[in-house]
Amino acid sequence: MRRRTIAGYGAAGAGAIALTLFVGWWRVDGPGAPEPIGQRPMALTEMDFRLTDHEGNEVGPETLIGRPTMAFFGFTYCPDVCPTTLSDISGWLDDLGDEAKQLNVVFITVDPERDTVEAMAEYVSYFHPAIRGWTGPEGQIARIADGFRAAYERVPTEGGDYTMNHTASVFLFGAAGRFVTMIDYHEPREFAVPKIRRALEEETEGAT
Amino acid sequence: MKKIIMTGTLAALLTFGGLSVPALAGPVDVVVESAWSRASIGMNRPGAAYMTIRNTGDEPVTLIGLSTPLAMMPEIHETKTNAEGVSSMSAAGEIAIAPGESVALEPGGLHAMLMRLQQPMTEGETFPLTLLFVDGGEVTVEVPILGIAARGPED
């Protein structure tokens, strides 16, 4: 009898643990999980921002609509991720060859305090010539980042300097301005060019 | 994989051949391979250098710091990208390397962050970078400076 009681407690305990695990799964990974913080970016047609490109031209969402777009946030004082991503993008553009000419390619700074138009002009000149560098007032950078659902944050470093944490994914939009997909920083690089082609095909679908 | 027992002459030869940049300067049994860095724009922005650090000895080694005449504040940093795709960088602290193991400093992960440059990093030049180990050992490597858009040691 006593043994059966203990077995019963054991079963109830195991059941409780299983239930706890299930509830935990449901809330964290299962259907009950909250919407991920990185929501889907807005369509370019729904965005509203005014920035300046590295040649001093005023730009906004309308600058991008009509051609597929590849865009990326970063800053020129970034020693690792940004030059690496810009080199990767340059490599993908080389792989695409003539197809790349149909694309808008934009590098948007999250550090407008240091990344002036001149700083952006010099920086982008070292990478593929299709890459445009955009900067602008802090408030406008916040608006474009919000539209892309991109995050950035200023982080002080030793000696009074600062660095920027930022979304390192590369965003792809179709010619009509619809968000297509993104290339995550840690994604195998051979997936990138097919994804860019998907954004390019989006244009064809939009046109027909 | 290259066999890592070599004399200074062979090391010099390989360095000259651009195949790797071995360094056997210190008492530490460590070999540094494939070191490279990107050119800088002026001196205001921090630079980054990459390499593979291989422990060829029988004892664990612990990398505790860097020194170079090129930068006042060289530090090993690590870039991390979280589930939301946000990248951040922070000091990596001490790096232990087990016997026979190696640690890769590569884009998007660990890197030698070269803060407060004392001179611009010019493509085609090299600079000495000394790795400091916990037992007082040092290994100095000559790091080639490649173009700003370089993607790896062969670029």
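1. Of the 208 residues of chain A, 48% count as buried, where buried means under 20% relative accessible area, exposed over 50%, and partly exposed in between (1.4 Å probe, protein chains only). This is a predicted model, in which local features need pLDDT of at least 70 and side-chain atom pairs count only at pLDDT 80 or more, while totals for chains, interfaces and linings use all residues. Residues are numbered from 1 along each chain as its sequence is written, chains are lettered from A and ligands numbered from 1 in the order in which they are written, and side-chain values use heavy atoms, with hydrogens and water left out.

2. Chain A exposes about 10500 Å², and carbon and sulfur atoms supply 56% of it (Shrake-Rupley method with a 1.4 Å probe; for residues, only the protein chains shown count as cover).

3. Chain A has six helices and nine strands. These are DSSP runs numbered from the N terminus: helices are H or I with at least four residues, strands E with at least two.

4. An open sheet of mixed pairing is formed by seven strands of chain A, in the order S2-S1-S5-S4-S3-S8-S9; two strands pair if DSSP finds at least two bridges between them. Strand S2 (58-59) and strand S9 (179-183) of chain A are the edge strands, each pairing on one side only.

5. Within chain A, strand S3 (residues 69-74) and strand S4 (residues 104-109) run parallel and are joined by six bridges. A:Met70 stands opposite A:Val105 in S4(A).

6. Helix H3 (residues 81-96) of chain A lies across S3, S4, strand S5 (131-135), strand S8 (170-173) and S9 of that chain, at about 165° to S3(A). Axes are lines fitted to C-alpha atoms, for helices over the stretch in contact, and angles run from 0 to 180 degrees between N-to-C directions; contact means heavy atoms within 4.5 Å.

7. The largest nonpolar core has 88 residues, and those with the most contacts inside it are A:Met70, A:Ile108, A:Phe148 and B:Leu129. Such a core is a set of buried Ala, Val, Leu, Ile, Met, Phe, Trp, Tyr and Cys residues joined through side-chain atoms within 4.5 Å. H3(A) gives the largest share of this core, seven residues.

8. The buried residues of helix H4 (residues 117-124) of chain A are A:Ala119, A:Met120, A:Tyr123 and A:Val124. Seen down the axis of H4(A), its buried residues fall within an arc of 120°, so they line one face of the helix; the arc is that of the directions from the helix axis to the C-beta atoms. The cover over the buried residues of H4(A) includes H3, S4 and S5 of chain A.
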